[in-house]
Amino acid sequence: MKIAVFDTHKFERPVFEELNQGFGHEITYFEPRLTVETAKLANGFSCVCLFTNDCVNASVLEKLKQEGVQLIALRSAGFNHVDIPAAVKLGLKVVRVPAYSPHAVAEHAVAMIMSLNRKICRASARVHDLNFSLDGLVGFDLFGKTVGIIGTGRIGSVMAKIMAGFGCRVLAFDQAPNPGLVEDLGVKYVSLDELYRLSDIITLHIPFTPAMKHLLNAAAFEKMKKGVMIINTGRGALIDAKDLIDALKRSQVGFAGLDVYEEEENVFFQDFSEKVLQDDVLARLMTFPNVLITAHQAFLTREALHNIVQTTLQNVRTFESGRPLLNEVKI
């Protein structure tokens, strides 16, 4: 099939080129993100391949339909940036990559925990300034601490195993508990309020739905232990960033590790090093020494990229051959 890959990044293209040798699709790469204005680039393509920050609202979908697109192949697990009802109405199929490497995301979350706790960024910068003082670098043992995991799907389950390996007490919240985690690791499923109240570290691993918007807000932060550590490698909109700033100012939240941010589509995956950042909320978060922000890179491992591209190209082949789409996104 002829595939238009939007929002192409340098780290993706070599993987596409390598794996496509086994598929033979005709791929054209576009650096711009998909918008109403750039949708015309899809003219003549049967499939568009999209990333997390491409705009796929009803207007864009209508334009893609007009340009002859039949398939929208998401190279991501999340699909909240796509108007699925509008796609169904237009007869456009949407497929995704439901799982690529839960280890990649969970391990990044652990890296954020360790970096915040042991103040690795500050320590490294200090040593590079030839300041070898240890003042202000005191951390805490993870052993014996209580970690609350919200969402125990593929990623959350891996996270539970890792934290149990550190000797942590693991609490979890999920609408569909995993009995294996209880039996094998001693994970205890509790209510959200109990998880908030007891956890030293809270990490988010749930998909975004409208019901989950700003799950962590001012009311939730008040229920937590003073000085709690918050880690979010899920979706930015799970946290009310303004409420988080207030909780950080009052030391109610002691640390925050954010790989995602609610308004990230205007900033992440772009170079603003020679520009003025216009997002005041993000700029304020970046002023806190106890906040670690990465630009949605938790998924970024060689293994994950390979799996994402492999599944994406296979999704396209499956559509092309007329077989049932196992990874189709439906209402």
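This report walks through the pockets, the cysteines and a few strands of the structure above.

What you see is a predicted model: local features need pLDDT of at least 70, side-chain atom pairs count only at pLDDT 80 or more, and totals for chains, interfaces and linings use all residues. Residues are numbered from 1 along each chain as its sequence is written, and side-chain values use heavy atoms, with hydrogens and water left out.

**Pockets**

A pocket here is an open set of points, on a 1 Å grid over the protein atoms alone, where a 1.4 Å probe fits, with protein on both sides within 12 Å along at least five of seven lines; lining residues have an atom within 4 Å of a point. Grid points are joined across faces, edges and corners, and a volume is the space filled by probe spheres set on the points.

| Pocket | Volume | Lining classes |
|---|---|---|
| Largest | about 770 Å³ | 16 nonpolar, 14 polar and 6 charged residues |

The largest pocket takes up about 770 Å³. It has 36 lining residues, and Ala77, Gly78, Ile155, Pro207 and Arg235 sit closest to its centre. Helix H4 (102-117) and helix H6 (154-165) are the elements that each give two or more residues to this lining, with H6 giving the most, 3 residues. Helices (H or I, at least four residues) and strands (E, at least two) are DSSP runs, numbered from the N terminus.

Around the second largest pocket there are 22 lining residues, and Asn53, Asn80, His81, Glu262 and Glu265 lie nearest its centre.

**Cysteines**

Counting a disulfide as a pair of cysteine sulfur atoms within 2.5 Å, the model has 0 disulfides. Take Cys49: its nearest cysteine sulfur belongs to Cys47, 6.3 Å away. Cys49 counts as buried (under 20% relative accessible area, with a 1.4 Å probe and protein chains only) because its relative accessibility is 0%. Cys168 is buried too, at 10%.

**Strands**

Two strands pair if DSSP finds at least two bridges between them. Strand S1 (residues 2-5) runs parallel to strand S2 (residues 26-29), over 4 bridges, and Val5 stands opposite Tyr29 in S2. S1 also pairs in parallel with strand S3 (residues 47-50), through 3 bridges; there, Ile3 has Cys47 as its bridge partner.

Notes:
Nonpolar A, V, L, I, M, F, W, Y, C, P; charged D, E, K, R; others polar. Buried < 20%, exposed > 50% of the residue type's maximum accessible area, 1.4 Å probe, protein only.
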